[in-house]
Amino acid sequence: MVAAAQHPNIEIMTYAEVEKVNGYIGNFEVTIRKKARCVDEEKCTGCGLCQEKCPSKVDSEFDLGLGKRKAIYTPFPQAVPNVPVIDKENCRKFTKNKCGICQKLCPTGAVDYEQKDEIITDKFGAIVMATGFEQFKWEEVYGEYGYGKYPDVITGLHFERMNNASGPTGGKIVRPSDGKEPKTVVFIKCVGSRDEAKAKSYCSRACCMYTAKHAHQVKEKIADSEAIVFYMDVRTPGKAYDEFYEKTLEDGALYLRGRVSKIYQKGDKLIVKGEDTLVGKPLQVEADLVVLATAMVPAEGYEEIAKKVGVAFDKDGWLQEAHPKLRPVETHTAGVFVAGACQGPKDIPDTVAQASAAASKVAALFTKDELTTSPLISEVDTSKCSGCGMCEPVCPYNAIAMKTISERVPGGQRERQVSEVNAGLCQGCGACTVACRSGAINLKGFTNEQILAEVDAICL
Amino acid sequence: MSVEAVKDTAWEPKIVAFTCHWCAYAGADLAGLNRMQYPPNVRLIRVPCSGRVNPQFVLRAFQRGADAVLVAG
Amino acid sequence: MKRVGVFICHCGSNIASVVDVKSVAEAAKSFPYVAYATDYQFMCSEPGQEVIKKAIKEHNLDRVVVASCTPRLHEPTFQKTLESAGLNPYMLEMANIREQCAWVHSKNKEEATIKAIDLVRTAVAKVTRNEQLFANKIPNNKKALVIGAGIAGMQTAIDIADAGYKVVLVEKEPTIGGNMVKLDKTFPTLDCSA
């Protein structure tokens with residue numbers, strides 16, 4: 001994180017979204033909206049006084065509701081950049097036009113309630129999509145696990161926050177309901193993954209390993225604890241992965257093969273009902289904490305950004321690579337690449353490998369000073385063009401414009417309008433050829449003559 | 001030809017399909033990749049976009065004896 | 001006079017186990033302008049491409065049809081083959097007899113072979129109307145945009161930046177790090193995630 005922030009060749013734009021993408025490989029013109037964070041990044045020193053004194057407290061999204069944050073906040077202490085942002089929906093200045101304490105206290109005068117969104121337009125040769133994943137919303141479909149009603153049924157990511165030294169519990173594993181240390185922790189794998197009836201048909205790939213890690217952490221941090229893992233399969237195909245799983249078993253984690261059919265609250269315990277399918281017997285566990293290994297799904301907003309940039313996605317929303325085996329980081333749009341979990345669920349080692357692969361593709365592209373474009377584009381025969389302009393509005397790439405030509409006719413010169421194709425903008429779709437009434441536009445590589453010859457050959 | 005006659009002679013239609021390189025043609029490739037089976041009557045013509053399909057092409061196919069034309073994109 | 005060369009690929013057994021490649025090559029010889037037709041085990045391999053280059057020279061071919069996998073896979077490969085044999089790369093057409101024939105009609109070998117012949121005939125008909133085309137040159141802005149600053153975005157940005165190119169890393173959240181910064185220790189090494 002720090003390496004990215006400090007690199008002289010990297011400009012980081014946070015709290016920013018891509019608004020519009022025009023152009024093509026080597027020549028993308030991108031509009032980026034830098035949202036107003038209401039704190040001047042240049043002036044702010046990151047002292048934290050504003051967040052300390054802010055009177056509005058809300059649930060922290062970063063800690064998934066396990067902790068609190070202020071209305072002016074940085075999500076966590078080591079944040080990059082260490083510049084707070086104002087949550088306008090919960091800030092008293094914005095909701096009631098009162099308070100304003102952060103501005104009064106800021107020693108450098110960095111707080112600016114009037115700050116406006118900034119629109120930046122820049123040219124790029126390549127775009128890498130690294131839009132990531134989020135957790136499947138299990139609360140919406142898994143009624144048998146309580147639809148999220150039981151505070152002590154949490155997800156793996158909640159568990160991560162609790163384990164993190166800078167997290168809401170300072171690194172202690174506790175029950176969200178009463179803050180007590182759990183003795184029996186049940187882990188359930190494949191919640192949302194490999195469950196076509198309720199959720200997703202795919203395997204989320206990282207859960208087997210992080211669940212093993214979680215079980216290990218329970219055994220390590222809590223004396224005389226029990227870590228029980230309900231699983232369908234244990235999938236550990238990776239370097240040093242199976243060894244890690246075996247070590248978790250040695251630590252004393254209990255793996256039970258079978259799905260959990262129901263969880264319910266009884267007193268301060270959670271009753272977990274399931275089956276051990278290896279012995280073929282139903283069983284019941286009294287648990288203090290239940291951790292669900294939820295499926296990965298594409299990060300919210302994937303559809304919008306994928307459409308803006310021009311990348312296809314599959315039925316589950318994962319971005320489509322150009323070839324699953326041979327072109328794993330390229331897309332069907334030249335100059336656009338994919339990296340990480342936006343292309344499909346993956347763990348950290350795979351993500352890093354794919355990111356480096358995408359970077360090497362970009363670097364290879366940038367070794368060229370000039371790029372060659374496909375010659376399969378439209379061409380106007382000006383001698384046939386009547387200048388009617390029908391082609392101009394049908395072009396989705398704004399590649400056609402009218403121009404005036406001067407030509408010699410009996411009795412002198414004559415000026416008239418004809419259409420012209422911009423070779424840099426034309427993507428070769430051929431829509432203009434169909435709109436052209438006089439047959440003056442043809443598409444090179446897919447000419448009328450070529451296609452009619454194909455039709456004739458098929459219908460022989 | 002009546003429906004009955006069609007049944008009797010095991011007549012098979014000839015289908016010409018104009019398919020967009022980016023989607024329908026790619027979809028046909030994907031069907032192949034997944035070894036899905038479909039009747040061999042259809043012949044695909046690859047076009048850069050379904051917008052490239054001039055109505056003339058469709059008429060020409062019918063003129064030359066195609067029984068059906070599919071434009072997919 | 002147009003002289004078309006037709007090259008039928010077996011793709012190992014992918015095509016040849018369904019389509020009778022020999023009879024497709026034989027049929028191709030009777031199509032208009034076809035001066036040469038043959039089949040080979042792997043057309044995209046080095047020796048396969050040599051077969052094409054040699055035939056172009058020996059039979060004075062000016063355009064080529066390769067019947068093999070989808071053009072979405074190997075069109076650039078064979079365009080380069082033509083180029084290295086001195087032909088314009090756009091004098092190539094492909095007949096997709098793998099994804100759109102052998103693989104989808106694997107239980108109907110006879111019909112698959114008839115269809116493959118039709119597909120080759122279609123490609124030959126098209127290629128006889130091909131003209132030499134030439135690529136345009138456009139400038140290249142050597143600056144990358146990376147969308148999303150999680151593990152993938154940060155690693156991509158660092159690697160591109162290390163290669164000496166400028167990168168803009170855009171993140172919709174107020175801070176970078178994505179899901180990663182929420183994590184504690186990460187497997188299999190159990191080191192910290194920052």
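## Worked exercises on chains A, B and C

In chain C, 66% of the contacts between residues at least 6 apart in sequence join residues at least 24 apart. Here a contact means heavy atoms within 4.5 Å. This is a predicted model, in which local features need pLDDT of at least 70 and side-chain atom pairs count only at pLDDT 80 or more, while totals for chains, interfaces and linings use all residues. Residues are numbered from 1 along each chain as its sequence is written, chains are lettered from A and ligands numbered from 1 in the order in which they are written, and side-chain values use heavy atoms, with hydrogens and water left out.

### Exercise 1: the build of chain C

Work out how the radius of gyration of chain C compares with that of a compact globule of 194 residues, and look at how the chain is divided into domains.

Step 1. Start with the elements: chain C has six helices and seven strands. Helices (H or I, at least four residues) and strands (E, at least two) are DSSP runs, numbered from the N terminus. Along the sequence they follow the pattern β-α-β-α-β-α-β-α-α-β-β-α-β.

Step 2. Now apply the globule rule, 2.2 Å times the number of residues to the power 0.38, with the radius of gyration taken over C-alpha atoms. The rule puts a compact globule of 194 residues near 16 Å, but chain C has 24 Å. Along the principal axes, its C-alpha atoms fill a box of roughly 70 × 45 × 30 Å.

Step 3. Turn to the domains, whose bounds come from an automatic or database domain assignment. Domain 1 of chain C spans 4–127 and domain 2 spans 143–192. Their C-alpha centres lie 45 Å apart.

Step 4. Finish with burial and surface. Of the 194 residues, 62% count as buried, where buried means under 20% relative accessible area, exposed over 50%, and partly exposed in between (1.4 Å probe, protein chains only). Chain C exposes about 7,600 Å², with carbon and sulfur atoms supplying 50% of this area. Such areas come from the Shrake-Rupley method with a 1.4 Å probe; for residues, only the protein chains shown count as cover.

### Exercise 2: the build of chain B

Find the order of elements in chain B and the share of its residues that are buried.

Step 1. Chain B contains three helices and three strands, and from the N terminus on they run α-β-α-β-α-β.

Step 2. Buried residues make up 38% of its 73 residues. The chain exposes about 3,900 Å², of which carbon and sulfur atoms supply 61%.

Step 3. For chain B, 74% of the contacts between residues at least 6 apart in sequence join residues at least 24 apart.

### Exercise 3: a helix under cover

Why is helix α12 of chain A described as largely enclosed by the rest of the structure?

Step 1. Count the buried residues: ten of the eleven in α12 (residues 448–458) are buried, so the helix is largely enclosed. Among them are A:N448, A:Q450, A:I451 and A:I458.

Step 2. Identify the cover. From chain A it includes β25 (441–443); from chain B, β1 (15–20), β2 (42–47) and α3 (55–63); and from chain C, β4 (92–96) and α5 (109–127).

Step 3. Zoom in on A:D456, a residue of this helix. A:D456 is buried at a relative accessible area of 18%. Leaving out residues up to four places away in sequence, A:D456 touches B:R60 and B:R64.

### Exercise 4: a buried glycine

Which residues does A:G428 touch, not counting those up to four places away in sequence?

Step 1. Locate A:G428 in the loop between β24 (412–421) and α11 (431–435) of chain A. A:G428 is buried, with a relative accessible area of 5%.

Step 2. The residues touched are A:L376, A:I377, A:L443 and B:P48. A:I377 is 51 residues away along the chain, yet the C-alpha atoms of A:G428 and A:I377 are separated by 4.2 Å.
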